[in-house]
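Welcome! Here is a short briefing to read alongside the sequence and the 3D view.

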Amino acid sequence: MDFLGISLPSYSLETVFGSAISGVFLGAIYALVALGLTLIYGVLHIINFAHGTLLMLAMYAVFFLWSVFGVDPYLAMLIVVPGGYLFGYALQRSVIGRTSHGRDEIILLTTLGVSIVLENFALFAFSANERNVQVPYDFDGIDLGVVYIVWPQIAALVGSLLITAALWCFMRFTDTGKAIRAVAKERQGARLMGINVEHIFAVSFGIGTACVAAAASLLAPTYAVFPQVGYLFVLIAFTVVVLGGMGSFVGALVGGLVIGVTEQIGRLYLGESLGLITISAIFILILLFRPTGLFGQRL
Amino acid sequence: MLEVTDVKTGYGHAKVLHGVSLKVREGELVALLGSNGAGKSTLNNNISGIYKPFAGSIRFDGAEIAGTSAEEIVDRGLIQVPEGRRVFPNMSVRENLELGSYRRATPNRARNIDRVVEIFPRLKERFDQYAGTLSGGEQQMLAIGRGLMAEPRLLILDEPSLGLSPLLVEEMFALIQKLRAEGLAIFLVEQNVVQSLEVADRAYVMENGLITVEGPAQDLMHDEELRRSYLGM
């Protein structure tokens with residue numbers, strides 16, 4: 001097979017299908033990281049540069065809960081998710097909200113500053129060494145014939161589906177969720193209904209951080225923790241958010257899966273490093289036809 | 001019920017209100033008239049706690065509310081239906097109404113939704129449509145309906161007739177009269193002088209951040225000065 005003068009290896013349909021399936025599982029993780037990002041963007045219109053750093057901190061929390069207290073990484077969710085919410089809420093209320101004065105460019109720089117501080121704190125406190133959470137079921141899984149899927153991958157897929165569904169229901173059916181959507185579009189109107197806009201901002205940031213903490217739990221059994229680990233995911237998560245449509249949860253999920261599958265198939269044909277080019281290619285292609293992303297609202 | 005005394009306010013260095021005093025009593029319909037830029041909406045947003053006055057006092061049911069939070073003012077039952085409607089465009093009519101009772105009258109939500117759609121049958125037809133897709137008149141109905149969801153004790157209506165067709169303006173004033181007849185105190189802020197004076201008990205005229213004329217609506221209707229400057233008669 002030839003593509004732009006590069007001759008591509010030819011694979012059997014099974015191999016391609018196997019790659020696509022493992023792409024779905026990889027995409028689930030991208031989607032999870034992107035969920036929190038898209039929520040924070042959708043409501044606060046903040047491009048949160050600290051998102052990857054928060055993921056890293058949560059992964060360290062999961063790691064230490066496992067290594068010091070022997071807590072299973074999935075069980076750790078019960079601690080890191082509420083912890084992430086509180087940390088995000090406090091961070092927004094005390095640092096980001098207070099320094100921003102409502103100006104987007106300051107918020108952008110503040111989140112960047114927060115991420116630099118936290119990352120260097122992690123380097124100082126935990127060193128640059130990679131650490132691994134080891135669980136007994138690491139390599140157990142099911143053989144789908146074309147590809148072998150381990151339980152942590154399945155957990156990540158199921159987890160991201162459940163968390164997307166839960167967030168969607170929360171936004172649609174609870175008063176707080178509705179208030180978040182109201183504040184996203186009409187702050188003055190929301191204030192006049194007695195909605196505390198500053199509180200809702202912080203709640204949204206808290207939920208976004210809780211999402212990334214859940215992602216950390218689901219990632220821990222398969223990925224090593226180190227101070228820059230956030231960048232692995234967050235750059236792709238930004239792509240996923242834009243691809244899926246800024247502020248859309250379903251968009252984040254579908255966008256994550258699209259990117260995951262594209263990446264795996266790209267790697268199969270173009271090799272480990274050149275394969276990543278397919279992410280940018282599909283990104284540009286989709287935005288050419290749908291400038292607001294797959295599920296984005298019209299501008 | 002609402003007592004505004006010598007309120008001075010503005011934005012940064014720009015002073016907008018230079019000492020405004022007015023009163024709304026229980027069950028009264030009071031109109032505040034004035035042209036664009038007179039400071040009417042600025043006054044409303046100070047009453048509703050969006051901004052804090054530089055000086056002066058705003059009392060509601062005897063309690064000082066100047067400078068308290070917008071939530072606390074909603075809790076007390078002082079509800080503003082803002083100029084420009086400010087409905088939530090990305091949410092359905094139902095959800096907009098539900099958020100009207102976000103802080104107040106939450107347990108009576110279902111009952112009050114029934115009541116609002118009875119007053120505005122048009123909202124019933126559009127119940128699951130996004131508010132952003134409604135016509136201007138329907139959005140105004142929704143904004144008022146959303147305000148009523150909080151079971152207001154005093155309702156501030158900021159330019160409810162703005163941008164409506166003459167027929168809808170008639171409808172709007174009929175509705176205001178009806179709400180008033182049910183005993184609701186209303187502070188009506190309008191540019192539509194004649195129709196406002198027809199429904200109001202008392203009225204104030206604001207010019208350049210000052211109250212220049214005040215009195216019973218009937219008297220103002222026959223005020224030569226007012227007729228000349230506002231009605232061109």
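**A sheet in chain B**

Gly10(B) stands opposite Lys15(B), which lies in strand β2(B). This is a predicted model, in which local features need pLDDT of at least 70, side-chain atom pairs count only at pLDDT 80 or more, and totals for chains, interfaces and linings use all residues. Residues are numbered from 1 along each chain as its sequence is written, while chains are lettered from A and ligands numbered from 1 in the order in which they are written.

- Strand β1 (residues 2–11) of chain B pairs with β2(B) in the antiparallel sense over eight bridges; two strands pair if DSSP finds at least two bridges between them.
- Helices (H or I, at least four residues) and strands (E, at least two) are DSSP runs, numbered from the N terminus.
- The open sheet has four strands in the order β2-β1-β4-β5 (chain B), with antiparallel pairing.
- At the edges stand β2 (14–24) and β5 (63–64) of chain B, each with a single partner strand, so one side of each has no neighbour in the sheet.
- Helix α1 (residues 40–47) of chain B packs on this sheet and touches β1, β2 and β4 (55–60) of chain B. The direction of α1 makes about 115° with that of β1(B) (axes are lines fitted to C-alpha atoms, for helices over the stretch in contact, and angles run from 0 to 180 degrees between N-to-C directions).

**Two domains in chain B**

- Chain B is divided into domain 1 (2–77 + 153–231) and domain 2 (89–151), with bounds from an automatic or database domain assignment.
- Taken over C-alpha atoms, the centres of these two domains of chain B are 23 Å apart.
- Nine residues of domain 1 of chain B are in contact with nine residues of domain 2 of chain B, contact meaning that C-beta atoms, placed from the backbone, lie within 7 Å.
- On the domain 1 side of this contact, α2(B) gives the most, with three residues.

**Where the chains meet**

- The contact between the chains takes 21 residues from chain B and 15 residues from chain A.
- On the side of chain B, α2 (70–75) and α3 (93–100) are the elements that give two or more residues.

**A helix in chain A**

- Helix α4 (residues 104–126) of chain A has 23 residues and should span 33 Å at 1.5 Å a residue; its end C-alpha atoms are 32 Å apart, which agrees. The expected span is 1.5 Å times one less than the number of residues.
- After α4(A) comes Ser127(A), with a positive phi near 65°.

Conventions: Contact = placed C-beta atoms within 7 Å.
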